[in-house]
Amino acid sequence: MVTATNETLLEVEDLQMYFPVTSGIVFQQKVADVKAVDGVSFTLKKGETLGLVGESGCGKTTAGRTILQLYKPTAGSIKFNGTELNGLKGNSLRAVRRDMQMIFQDPYGSLNPRMTCGDIVGEPLKVHKLTSSKSEYQERVSELLTIVGLSPYMAERYPHEFSGGQRQRIGIARALAVNPSLIICDEPVSALDVSIQAQVINLLEDLQEQLDLTYIFIAHDLSVVKHISDRIAVMYLGHIVEIAERNELYENPVHPYTQALLSAIPIADPVLEATRERILLRGGVPSPMNPPSGCCYERKCPDPDNSGDPIEMKEVSPGHFVAVAQECFDQYGCYWFPREG
Amino acid sequence: MKSVNHLSRSFSRLFKKKVAILCLILIVTIYFLGIFAPLIAPYDYNYQDYSAIREPPSWEHIAGTDFKGRDVFSRVLWGIQNTVIITFVTILSGSLLIGVSLGLIAGYFGGKIDSFIMRLGELFACFPDILLVILLAATLRPRILEFVRWIEDNTLIEGLVKSGTADYLVISLALVSFSWVGMARLVRGQVLSLKENEYIESAKAMGSSTSRILFIHLLPNALSPIIITVSMGMGSLIGTEIILSWVGLGIQPPRPSLGNMLLEGGSISAIRSVPWMLVTPGIVAWTLVLTWNLFGDSLNDVFNPRTR
């Protein structure tokens, strides 16, 4: 972990990504929206690692991809190094993409099976015309492969000849090819087994130190996130419900959802593990197509289903924010946490 | 250890199949004979030997002669040449150029573009193939002939009509009109499933241009079904071209084609009195269609090992 500088690299404000649901065969009509990301805001300092956790379907991957402009956001602003990314097109977007890259979840699906490892790693160099000669190109590809712990002679091989961990290393080398400052890691270790996970995580940490990288680390494995992140944001139903420094979040979780999540981490000590208390949540996650607005989980207020207040981030201690509906919180002290059933 | 890619692995598997090798040899031989017909054929296709009319096979005319004393073997070779030209033009322009690019575009961009291209394809595909081809060939022919004559009159190019260029144009246009649909559909389907892969997303994330994604990432991954379809399609194209000439809308006499030779030799009286007029073109046509289909089958086996 590198200590974060004070320079802001990325500023995301009220990001919304709605996917339209259409019906009809010939004349399609929009009938609803799936609110995958619904008002996410955070800032990211240079050199920092932000962990993004949450259960599947909470919008963490979509948030990552929207920041990279792989999806066109419905609303909100994404400022990268002071440049507004929303609405960028063509060459200006391509120029920005030299600075932000992504590492994908599935090491089998993220490499083109018809290209050699060298071609895959070297493709960004060709796309952005970063090398001037063939020998320089080959040198750079070898260098990238060496950085991620592969051997240059492997450049001739095809993806199916590598193991899962090696493939993920190829993916990392490809992301590094353009010398980016921000890398969005979309569950980079979820598809790997535990020993390989450790290798890849250590590699990511070493690279951060060497190359001065900033990460957004999307994962659902809380121990992995705790290990690598400086700050952690917990996502629920398209919102960030709690965001804080790593230690603050793990020691003083405020939101009931964060508390439940943290209570689910197994402890690597059988005696302690036997006494670990799990918080079980009632009900289920509401559908993102038609989410209820209220704080209905805690049911402290008289009308928990119908709190029309806008959701705000309440600072409970310095740098530690929790999602609340202001009026509800002021009167009854409950956090924003809609549940179904 | 040497790394080999999917295609070269598949082809090395293909060359271990006896049927595939046999088909390939036959196809290459027949096409070679057709392409070099002017050099190989012992007689011109129009040369009439009045002393040998309706002669059975002999050393002088190894496949016999027809009603007008023309050498059947030479005419078959020239006929193959026409088949070669027409099928190649049709496959290259129709299936590969139009079909593949429209399929890529429809699958990748989706939405309205996709609907437009596929509905257009369905418009062509809802006619029975043969009917559409006959209709087009019959209605296009006068206009194309006029057009080619106009070119001859207004430029220095001569002999277009005589060399059969107009015929080639008519038949190819008619065949292209339906042959692109299947290919476009196939490629679109492939692209629809391939574009969901993360490597396409990663290509977008690194800023690759659309054409790079289409031709470097999507097309190579869709190549094996395309190769299979082309090979299978060759057989049916040859068949359709023969039928077209057989009903009199294809290659016009006196230029020979397998189709109009089958027509001439196919009447009951001809079969009774001069069966050799039917035998040679019949065997060649049959072999061409069969070998292309068998070859396509073998390709299918090596490219889709799961279906074996």
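Analyst: Happy to! Helices here are DSSP runs of H or I with at least four residues, and strands are runs of E with at least two, numbered from the N terminus. Please keep in mind that this is a predicted model.

User: Which pattern does chain B follow when read along the sequence?

Analyst: Counting such runs, chain B has 13 helices and 0 strands. Read from start to end, the pattern is therefore written with helix symbols, a helix being a DSSP run of H or I. For chain B that gives α-α-α-α-α-α-α-α-α-α-α-α-α.

User: What percentage of the residues of chain B count as buried?

Analyst: For scale, the C-alpha trace of chain B spans about 75 × 50 × 40 Å along its principal axes. Among contacts between residues at least 6 apart in sequence, 70% join residues at least 24 apart. Of the 308 residues of chain B, the share that counts as buried is 41%.

User: Is His61(B) buried or exposed?

Analyst: His61(B) sits in the loop between helix H3 (37-40) and helix H4 (72-109) of chain B. Beyond its neighbours within four places in sequence, His61(B) is in contact with Ala52(B), Glu55(B), Asp71(B), Val72(B) and Phe73(B). The cut-off for burial is 20 or more other C-beta atoms within 10 Å. Because His61(B) has 22 of them within 10 Å, His61(B) is buried.

User: How are H4(B) and H13(B) oriented to each other?

Analyst: The axes of H4(B) and helix H13 (residues 276-303) come within 10 Å and cross at roughly 30°. Angles under 35 degrees count as roughly parallel. The two helices, H4(B) and H13(B), are therefore roughly parallel.

User: How many nonpolar residues has the contact of H4(B) with H13(B)?

Analyst: This crossing of H4(B) and H13(B) is right-handed. On the H4(B) side the contact is made by Val72(B), Phe73(B), Val76(B), Gly79(B) and Ile80(B), and on the H13(B) side by Trp276(B), Met277(B), Thr280(B), Pro281(B) and Val284(B). By class there are 2 polar and no charged residues, and the number of nonpolar ones is 8.

User: Which helix supplies the largest share of the side of chain B that touches chain A?

Analyst: Across this interface, 17 residues of chain B are in contact with 22 residues of chain A. Helix H8 (198-205) and helix H9 (210-221) of chain B each supply at least two residues of that side. By class, the side of chain B that touches chain A has 4 nonpolar, 9 polar and 4 charged residues. The largest share, 6 residues, comes from H8(B).

Key:
Residues are numbered from 1 along each chain as its sequence is written. Chains are lettered from A and ligands numbered from 1 in the order in which they are written. This is a predicted model: local features need pLDDT of at least 70, side-chain atom pairs count only at pLDDT 80 or more; totals for chains, interfaces and linings use all residues. A residue is buried if 20 or more other C-beta atoms lie within 10 Å of its own, exposed if 12 or fewer, and partly exposed in between; C-beta atoms are placed from the backbone. Two residues are in contact if their C-beta atoms, placed from the backbone, lie within 7 Å. Ala, Val, Leu, Ile, Met, Phe, Trp, Tyr, Cys and Pro count as nonpolar, Asp, Glu, Lys and Arg as charged, and the others, Gly among them, as polar. Axes are lines fitted to C-alpha atoms, for helices over the stretch in contact, and angles run from 0 to 180 degrees between N-to-C directions. Angles under 35 degrees count as roughly parallel, over 145 as roughly antiparallel, 65 to 115 as roughly perpendicular and the rest as oblique. A crossing is left-handed if the near helix is turned anticlockwise from the far one by less than a right angle, and right-handed if clockwise.
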